[in-house]
Amino acid sequence: MGFFNWSAPVFGRFADRWSPSDIDEIAGWLRPYVQPGGRMLDVGGGTGALAAKLSHALEAEVTVLDPTPEMIRYVPSEPLVHAVLGTAEEMPFDDDYADAIIVSDAFHHFADQDRAAQEMARVVRPGGGVIVLELDPSGWFMRMIVAGEKLLGEPGTFFTVGEMCEFFGRHGIDGECTQMRGPTYRFVGRVR
């Protein structure tokens, strides 16, 4: 996680890239799982920019789980937003703790993606949601991004759209993958 240690101030200042329409769209994916007063996790949520906006949109408690202390320091101090230091592979939460999990642009950073998916299925209640926003490694531009991440010491294990749906299905989370803008796609799943 060395890259995120030294880049935390940059993320803290510029990571809020979410427009009101982005938040409305993401909140719409989460509403079937997270009711007002509910509880969700933003796994690999860094500085909490997305978590803070989703807490307002959903009127729900959002906990940012991130392994980098420098990132956690930037999580906004708000009543419905919490920060917890930890990894996706060993989440410090009880079984069925959350109504949903969101992972935005972070899944490819997880060192043990199988273990992270198992933890998601454990921590989210049966019937709860798992939303993953990721980048498809297909194409020359994304191959350069993957190579760059490897040079920075990141795991950089990306899935194509089809691979992601199959992967989560093997871990008890059934859903659909949908291509979005550019190389971005989303997985929206439900825990069995």
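Close-up 1. C177 is buried, with a relative accessible area of 19%, where buried means under 20%, exposed over 50% and partly exposed in between, worked out with a 1.4 Å probe on protein chains only. This is a predicted model, so local features need pLDDT of at least 70 and side-chain atom pairs count only at pLDDT 80 or more, while totals for chains, interfaces and linings use all residues. Residues are numbered from 1 along each chain as its sequence is written, and side-chain values use heavy atoms, with hydrogens and water left out. C177 pairs with C165 in a disulfide, with 2.4 Å between their sulfur atoms; the cut-off for a disulfide is a pair of cysteine sulfur atoms within 2.5 Å. The torsion about the S-S bond of C165 and C177 is about 130 degrees, so the disulfide is right-handed. The pair ties together distant parts of the chain, 12 residues apart: C165 sits in helix α7 and C177 in strand β6 (residues 173-179). Helices (H or I, at least four residues) and strands (E, at least two) are DSSP runs, numbered from the N terminus. Search the whole structure and you find one disulfide.

**Close-up 2. G175, also in strand β6.** Stay with strand β6 and you will find G175 there. At 37% relative accessibility, G175 counts as partly exposed.

**Close-up 3. Phenylalanine rings, with F167 in two pairs.** Here we look at F107 and F167, an edge-to-face aromatic pair with 5.7 Å centre to centre and 70 degrees between the planes. Rings of Phe, Tyr and Trp (its six-membered ring) pair if their centres lie within 6.5 Å; planes under 30 degrees apart count as stacked, over 60 as edge-to-face and the rest as tilted. This pair, too, links distant parts of the chain: F107 is in the loop between β4 (98-104) and α5 (113-123), F167 is in helix α7 (residues 161-170), and they are 60 residues apart. Both F107 and F167 are buried. F167 also pairs with F159, this time in a tilted arrangement, 4.8 Å centre to centre and 40 degrees between the planes. F159 is buried as well. The structure holds eight aromatic pairs.

**Close-up 4. An arginine over a tyrosine ring.** R39 lies over the face of Y97, 4.1 Å from the ring centre. To count as a charge over a ring, NZ of Lys or CZ of Arg must be within 6 Å of the ring centre and within 35 degrees of the ring normal.

**Close-up 5. D42 in strand β1.** D42 is found in strand β1 (residues 39-43). At 3% relative accessibility, D42 counts as buried. Between the C-alpha atoms of D42 and H108 there are 15 Å, and the two are 66 residues apart along the chain.

**Close-up 6. Two loop residues with positive phi.** E59 has a phi near 55 degrees, a positive value in a residue other than glycine. Look for E59 in the loop between α3 (49-58) and β2 (61-66). At 52% relative accessibility, E59 counts as exposed. For D105, phi is near 55 degrees, again positive in a residue other than glycine. D105 sits in the loop between β4 and α5, and at 25% relative accessibility D105 counts as partly exposed.

**Close-up 7. The second largest pocket.** This pocket holds about 200 Å³ of space. On a 1 Å grid over the protein atoms alone, points where a 1.4 Å probe fits form a pocket if the set is open, with protein on both sides within 12 Å along at least five of seven lines; lining residues have an atom within 4 Å of a point. The lining has 12 residues, with W18, L133, M180, R181 and T184 nearest the centre. Helix α2 (residues 20-30) gives the largest share of that lining, four residues.

Definitions and conventions:
Grid points are joined across faces, edges and corners, and a volume is the space filled by probe spheres set on the points.
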